[in-house]
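My entries follow in the order in which I looked things up.

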Amino acid sequence: MSTPQNLKDLYLEELQDLWSANDQMVRVVREMADVVVDETLKSRLQRTVGGIEMHTVTLKDLIGDVGGALKKEHCKGMEGLVREALHHAVEMKAPDEVRDVAAIAQFQRMSHYGLAGFGTAAAYAEALGYKDAATKLNRATSEIYSSDEYMTYLAERSQNLEAKGAVA
């Protein structure tokens, strides 16, 4: 994309970047779900894929609503987070419990990136007077927060305790 000239351009760029970030995150979350052993964690990761995909549909709709080009803007930030998630949670040769904890941590890092992006896009939409868009983006942000909080719950209540036992 060319250099943004106004808030609407910046808003569109943010939506296109988030679309790319979501597509990248979906791929790695699927891979993490395939390698974790805890069934609750596996199930949560699998369900999250559907949520991310729904958020992507919302992003595409919002881009179209304001006449933007229906294309992704490659997200280099998520690219780095995905590379780290693959290294630390998918390819890791560690005890299962340790890998599960690493998957939670990597998921949360990617989610926090999404929180920042969706929250920023919602603020832009609000400033531009796109009330329906702001509502949709705030809803997505709330859903991401909820998923992040559940991962924290898993880590605090079970996963970290199991991983602690894997340490000699």
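Entry 1, the helix pair. I started with H3 and H4 in this predicted model, and I noted that the two helices are roughly antiparallel to each other. I took this from the crossing angle, because the axes of H3 (residues 76–90) and H4 (residues 96–128) cross at roughly 175° and angles over 145 degrees count as roughly antiparallel. The axes come within 9 Å.

I then listed the residues that meet across this pair. From H3 I found Gly77, Met78, Leu81, Val82, Glu84, Ala85, His88, Ala89 and Val90, and on the H4 side I found Arg99, Ala102, Ala103, Gln106, Arg109, Met110 and Tyr113. Sorted by class, this contact has ten nonpolar, three polar and three charged residues.

The buried residues I noted in H3 are Met78, Leu81, Val82, Ala85, Ala89 and Val90. They cover an arc of only 105° around the axis, which puts them on the same side of H3. I kept in mind that an α-helix has 3.6 residues a turn, so residues three or four places apart point the same way. Lys76 and Arg83 are exposed, and I found them on the face of H3 turned away from its buried side. When I asked what the buried residues of H3 pack against, I found helix H1 (7–35) and H4.

Within H4 I picked Gln106, which counts as buried at 6% relative accessibility. Leaving aside neighbours within four places in sequence, I listed Met32, Leu81, Glu84, Ala85, His88 and Ala89 as the contacts of Gln106.

Glu126 is partly exposed, with a relative accessible area of 43%. Setting aside neighbours within four places in sequence, I found Glu126 in contact with Lys131 and Ala134. I also looked up Leu137, which is eleven residues from Glu126 in sequence and 9.9 Å from it in space, C-alpha to C-alpha.

I found Leu15 in helix H1, where it counts as buried at 0% relative accessibility. Apart from neighbours within four places in sequence, Leu15 is in contact with Leu59, Leu62, Ile63, Ala121 and Leu137. I noted as well that Leu15 and Phe118 are 103 residues apart in sequence and 8.2 Å apart in space, C-alpha to C-alpha.

Asn22 is likewise placed in helix H1, and at 7% relative accessibility I count Asn22 as buried. With neighbours within four places in sequence left aside, I listed its contacts as Ile52, His55, Thr56, Leu59 and Phe118.

Conventions
Residues are numbered from 1 along each chain as its sequence is written. This is a predicted model: local features need pLDDT of at least 70, side-chain atom pairs count only at pLDDT 80 or more; totals for chains, interfaces and linings use all residues. Side-chain values use heavy atoms; hydrogens and water are left out. Axes are lines fitted to C-alpha atoms, for helices over the stretch in contact, and angles run from 0 to 180 degrees between N-to-C directions. Helices (H or I, at least four residues) and strands (E, at least two) are DSSP runs, numbered from the N terminus. Angles under 35 degrees count as roughly parallel, over 145 as roughly antiparallel, 65 to 115 as roughly perpendicular and the rest as oblique. Contact means heavy atoms within 4.5 Å. Ala, Val, Leu, Ile, Met, Phe, Trp, Tyr, Cys and Pro count as nonpolar, Asp, Glu, Lys and Arg as charged, and the others, Gly among them, as polar. Buried means under 20% relative accessible area, exposed over 50%, partly exposed in between (1.4 Å probe, protein chains only). The arc is that of the directions from the helix axis to the C-beta atoms.
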